[in-house]
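Please consult the structure shown below while reading.

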Amino acid sequence: MKKTVSTLIVILLLLFSGCSSLSTWVRSNFEGVPVWVYEPQVSRDQTAFVGSGTADSQTRARVLAYESVLRQISDSIGEDVVGTYIAELSTRDSIEAYRLRITQEFVKQEENSTTVYFLAIADKEVLERARTDAEVQLLESQREMNRLSQEAAQAFRENRDLEAAGKYLQIAIIAKALPVDRGRQRYDDAIERVRKILLALRLTVSEGDPTIPTTVVTLRRGSRSLSPRVEQAAVMAFSMARDGMGNSYQDTQRFVTDSSGQFTFTSNNPTLVGRGTIGFEVDFSPSLEQLEKLDGVLFNEFSQIVADTRIEYPYARISILGGQSLLVAMSEYSLQGTRLGSTSAGRALAGDLSKDGLRVVLTQGPQPEDDEDILDVLKNTFGDYRAVVYGNVGISHIKETGASFAVTVTGESLFADIAGGRIIGRTGSVNANAVATTLQDATQEAFARYGNISASLLMRYLFK
């Protein structure tokens, strides 16, 4: 009996030695999976990859199995190809570039999970060429990262911190594309350098003149007064201004620090609101846009670090009128040239100017025999006022379009010194349009828009 059992064991060993080892056969049978999971059989000119994925659902397990195959290919050729080929492999069960196809699939169902196995066969010669190309690319990437590292170190020594941070971020982008074992450490080091540079940045402002407003902004590496000043760094200035219709919006200006790490801020926007704050913030946006595609979590972190560099400078623009009232005297005319009794343009103009602290008195414009006599008439009639905004605006076009009316008005507004009898500033010719269901509403809206536009154009003359 013992001899019979021994003979049977020998026969079994001989049977299985031709296709796989006994241990592989026993293991596969014990785990309930095909032998190819542990010992795939392929020809000499082929390479096998066995991918597996376990998840709660079969769909998710299949995705993980595809990724497993691609990670093995990445390790084989030295290049991360998961993102490049996951769509092709998961939809076609093949990758044309590697002459790869999935030849076997096995699904193992367990009580709380599903495991999917794939046997993928690829052309060995194609993979060898890919490995060679990847090594060449790796060397080029390493050389490029070394060059960027030297340039970043040089920029940092010369106090061009934002330039250095941008170059370290480029290193991180290159390293991220390499296989984990080739680029992870380089990536981590580069990201940490960017983080340290951004965390060290500090903005300060001088006392300046808040009535203009103007101030000197300084960017340093650190909070101490003797900390190095950062050169050639972009800084954004944020302030509230008014558009042509008198609505508030956030205006931005971009400045670059000079060789002393400073720049002088003076707004070039005449519609800057009368009282508010100017916000200053380091501008790292071009690099952050690259980082957003690379790593969303890091993008949020670094965006917050940059936002934390923001400082504010309070200002209160002073009108050239001081506390004196401004007279607004506008005349409105019909399409036929008849003077109207309405004051829509004047009300809108006065309303926008009063938003910025100006004291405004509204009246209808005078009717002199000659336009050149207007200032004389104003002086004789309103001699108690120092300055006036006056002008004529009339309807130039009316068009009925179905159930609505379109009205265009044209005119010019002027800002003048009543006492001195001189014009300080003017809007030039201004056109305004409006559409409404009634002619009256369209006319009133067109005149009002003219007033809004005129106010925005005259702001440059009313404030220092």
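The axes of helix 6 (residues 161-176) and helix 8 come within 10 Å and cross at roughly 20°. Helix 6 is therefore roughly parallel to helix 8, a term for angles under 35 degrees. The crossing of these helices is left-handed. Gly166, Leu169, Ala172, Ile173 and Lys176 of helix 6 meet Ser287, Gln290, Leu291 and Leu294 of helix 8, where contact means heavy atoms within 4.5 Å.

Helix 8 (residues 285-294) also packs against helix 9 (residues 296-307), at an angle of about 150° and with axes 6 Å apart. Helix 8 and helix 9 are therefore roughly antiparallel, the term for angles over 145 degrees. Their crossing is left-handed. From helix 8, Leu288, Leu291, Glu292 and Leu294 take part, and from helix 9, Gly296, Leu298, Phe299, Phe302, Ser303 and Val306.

The contacts divide by residue class as follows.

Ser74 belongs to helix 3 (residues 58-77). Ser74 is buried (under 20% relative accessible area), its own value being 6%. Leaving aside residues up to four places away in sequence, Ser74 touches Glu79, Asp80, Val81 and Val82.

Residues are numbered from 1 along each chain as its sequence is written, and side-chain values use heavy atoms, without hydrogens and water. In this predicted model, local features need pLDDT of at least 70 and side-chain atom pairs count only at pLDDT 80 or more, whereas totals for chains, interfaces and linings use all residues.

Technical notes
Axes fitted to C-alpha atoms, helices over the stretch in contact; angles between N-to-C directions. Helix = DSSP H or I, 4+ residues; strand = E, 2+ residues; numbered from the N terminus. Parallel < 35°, antiparallel > 145°, perpendicular 65-115°, else oblique. Left-handed = near helix turned anticlockwise from the far one by under 90°. Buried < 20%, exposed > 50% of the residue type's maximum accessible area, 1.4 Å probe, protein only.
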